Amino acid sequence: MTADYREVNFDGLVGPTHNYAGLAVGNVASMRHGGLVANPREAALQGLAKMKALMDAGYLQGVLPPQQRPDLGALRALGFTGSDERVLARAAGEAPQILRAVCSASSMWTANAATVTPSVDAPDGRVHFTPANLQSSFHRFLEPATTGRVLQAIFRDETRFAHHPALPATPAFSDEGAANHTRLAGDHGEPGVHLFAYGREAFGWGSQSLPVPQRFPARQTLEASQAVARQHGLADHQTVFAQQHPDAIDAGVFHNDVIAVGNGPVLLYHEMAFFDEQGALEALRERMSAPLIPVRVPVEAVSLADAVGSYLFNSQLLSNPDGSMTLVVPGECQENESVWRTVQDHLLAGANPIGEVVVKDVKQSMRNGGGPACLRLRVVLGAEERTALAGRVLLDDALHGELVAWVERHYRDHLAPEELADPALAREALAALDELSAILEIGSVYPFQQA
Ligand code: SUG
């Protein structure tokens, strides 16, 4: 029986309130661009153009809906009362940063939506999902409840899909999902080894001397990664837990996917990605049944600052039927001389499967620190699992066309942080999401539809 396992990239649709609020500490782009005027329409269309290009190139492409924003429920929980208009106006006057947070379109970065284990690796033969608690920032902590509902609406068949609760939303179990998780395997359908990268240990047993970042927070804990692996039933021989280099976090590597990307047996990484680089490689080699293909980029080729500025490692590395791989990099890589030279001389010309580089413009997202890899959640699915998906979430030309028309109907092309209190924006967003859930046939996943 051939199960025909393939990777489906589920990209997050950018929501109608996309804006630049400077909310993400340790994320250099977000901190730098806070206050800029955003273009939600362009952001959503850039995302859809990337999805369409990959679909046209033969990759399986899925789509995940944005979340309900502004999150008026969150404002009410914080003591703002009265009509929706009054709640927005009071928040704008008394707590503008909170208003910005509840308007963030951050669910577009679906690499942080959840951690996923394919059925080939799980003891019960189901695909496992854990929504990330995203507790390290308020605006992202608002995501997991709806994320869980959306994932359950799409991956509905309980005989094939297993959903776990998000981890306790407390610093000890700080979890940012698949952005700190890479599955390595000879091929998508072969048993894989799960590389979990973490920034700090919460309980620090026996390792008090391990260095921690000094400037920026470490968003993922070892204990969170271990708990997710436990939920999914992964055994020791299937997992490797590696500490991120604290200097990298301090340079703006707030997620491991800003400095490393894996696919199949290939691990493309910057030499500063892991605190114990050799230890991580050795542990992977011991566990993998296929030979690991490390593609290491040294500091002399690309500095940490250039890695963070260009998002070279926040690329999508995709498998092609002939065994080669395609690297989908953000446009910023082309603008950086040392990065672009490394792409040509080191990655494309090197002894590795990377045979093609595709450049995609996702600048609206990049200004908030989200590159091509942040925008997608990878789910390896067998043919029958793909057939079992509920909703209309696998992209085809018809769905792409409807989504583009939907964006053009509903989205503004100009949104400054001061405009977030506009009650018309909130009404526009709800009308758009109501229509979207019908287009995607995912049912009533939003709080406003359940009230
Ligand atoms: O969590 N930015 C996101 C970017 C997430 C990128 N994801 C991955 N690397 N996988 C974050 O820092 C900025 C929002 C603002 O400032 O308006 C923000 O949340």
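Which side chain makes a polar contact with the side chain of Ser225?

The model is predicted: local features need pLDDT of at least 70, side-chain atom pairs count only at pLDDT 80 or more, and totals for chains, interfaces and linings use all residues. Residues are numbered from 1 along each chain as its sequence is written, and side-chain values use heavy atoms, with hydrogens and water left out.

**Figure 1. Ser225 and its partner Gln220.** The side chain of Gln220 makes a polar contact with that of Ser225, at 3.2 Å. A polar contact is a pair of N or O atoms within 3.5 Å; within protein, one must be able to donate a hydrogen and the other to accept it, and residues adjacent in sequence count only if both atoms are side-chain atoms. Ser225 belongs to helix α8, residues 222-231. Helices (H or I, at least four residues) and strands (E, at least two) are DSSP runs, numbered from the N terminus. With a relative accessible area of 0%, Ser225 is buried. Buried means under 20% relative accessible area, exposed over 50%, and partly exposed in between (1.4 Å probe, protein chains only).

**Figure 2. Surroundings of the ligand.** The ligand is surrounded by 20 residues, and the closest are Leu23, Ser30, His139, Asp257 and Cys374. A residue is near a molecule if one of its heavy atoms lies within 4 Å of it. An oxygen atom of the ligand lies 3.1 Å from a backbone N or O atom of Ala21. An oxygen atom of the ligand is also 2.9 Å from a polar side-chain atom of Arg219. For Asn112, an N or O atom in the side chain is 3.0 Å from a nitrogen atom of the ligand.

**Figure 3. Leu151 in helix α7.** Helix α7 covers residues 144-154 and holds Leu151. Leu151 counts as buried because its relative accessibility is 2%. Between Leu151 and Phe129 there are 8.1 Å in space, C-alpha to C-alpha, and the two are 22 residues apart in sequence.

**Figure 4. Backbone details at Pro70, Asp4 and Leu134.** Most residues other than glycine have a negative phi, and most peptide bonds are trans. The peptide bond from Arg69 to Pro70 is cis, with omega near 0 degrees. Pro70 is in the loop between β2 (60-64) and α3 (72-77). Asp4 has a positive phi, near 50 degrees, and is partly exposed at 37% relative accessible area. Leu134 has a phi near 50 degrees and is buried at 1% relative accessibility.
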